[in-house]
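Here is a short tour to read alongside the structure. Take a moment to look it over before going on.

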Amino acid sequence: MKNQVRELRGDRGWSQADLAERLDVSRQTINAIETGKYDPSLPLAFKIARLFGQSIETIFEPD
Amino acid sequence: MARFTEKQYRNQLSLAMVAYMAAMLLIWPLSRTAASVPLKVVLAVVPVLPMLFVIGLMARRIGASDEFEQRVHLLALGAATALLGALSLVGGFLDAAGVLALRGSILIWVFPVTMLGYGAARWWLLVRHYGGSAGCEGSSPGWQLFLLGVLVLMVLGVAWWHGRLDAFQTGLLFGLAPGVLLLLGVLLWRRLRRAADKD
């Protein structure tokens, strides 16, 4: 699944570690999501959307 | 409740492994000459105690992981179990056919082989499949490695003092020591370099 997580993170000047801390996940998880290798669960996807102030559909897009 | 961190896991794992080594070198040999069977049983299973602690540590580590880490842990454990099952089948059939003569003590290798398989599978998933790093986040200072090295040397020293190590084992340890020291030096240098890169 394609996503805008890396771009949204970059817009805020956060590192992967910063984003991981805000979402209470590991940096490996953020890296796997950003590279499209791992699709987050619904609760985590909602958490990401709330953090960036956008809807899930805006951030995540099926391949 | 504070999250169970990788650093806590590694520290407690290191101490458990030193305890296991001490039990194997200093206590377990006494089981061979113990007079009574109950005492023999107790002395023989003492090394199991730190291993049970390690299993509990792993369960705690997995339980404290996030969803992605749990997926990797459980996939790696599944792969390790499959590997162990396959090896057991091969060994069992070869023994039944009279090709190999396997003793019951081979069961001691079940846990180490499982852990090796788990480690290899976890590395492959994190580095090759998900394209990340298998390195632990929040590396521990070098002094903890040094303390661990001192504890290991103390256990080996006591074992040698009490005559638990025969000439071959002593020679082997002295031969391995430079390689281990070199490996520790490389690990410490890499950690210092990573810390410098982050600054």
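## Chain B at a glance

What percentage of the 199 residues of chain B count as buried? In this predicted model, the figure is 9%.

Chain B is built from seven helices and has zero strands. Read from the N terminus, its elements follow the order α-α-α-α-α-α-α.

## Where the chains touch

The contact between the chains draws on 12 residues from chain A and nine residues from chain B. On the side of chain A that touches chain B, α3(A) gives the most, with five residues. Sorted by class, that side of chain A has six polar, four nonpolar and two charged residues.

## The largest nonpolar core

Now for the largest nonpolar core, which has 18 residues. The residues with the most contacts inside this core are A:Val5, A:Ala32, A:Ile33 and A:Tyr38 from chain A, along with B:Phe68 and B:Ala76 from chain B. Two or more residues each come from α1 (5–11) and α3 (27–34) of chain A, and from α4 (67–96) and α5 (110–129) of chain B. Among the contributors, α4(B) gives the most, with four residues.

Which residues does A:Val5 contact, once its neighbours within four places in sequence are left aside? They are A:Ile33, A:Glu34, A:Ile48 and A:Ile59. One of these partners, A:Ile33, is also listed with A:Val5 among the residues with the most contacts inside the core.

Conventions
Residues are numbered from 1 along each chain as its sequence is written. Chains are lettered from A and ligands numbered from 1 in the order in which they are written. This is a predicted model: local features need pLDDT of at least 70, side-chain atom pairs count only at pLDDT 80 or more; totals for chains, interfaces and linings use all residues. A nonpolar core is a set of buried Ala, Val, Leu, Ile, Met, Phe, Trp, Tyr and Cys residues joined through C-beta atoms within 7 Å. A residue is buried if 20 or more other C-beta atoms lie within 10 Å of its own, exposed if 12 or fewer, and partly exposed in between; C-beta atoms are placed from the backbone. Two residues are in contact if their C-beta atoms, placed from the backbone, lie within 7 Å. Ala, Val, Leu, Ile, Met, Phe, Trp, Tyr, Cys and Pro count as nonpolar, Asp, Glu, Lys and Arg as charged, and the others, Gly among them, as polar.
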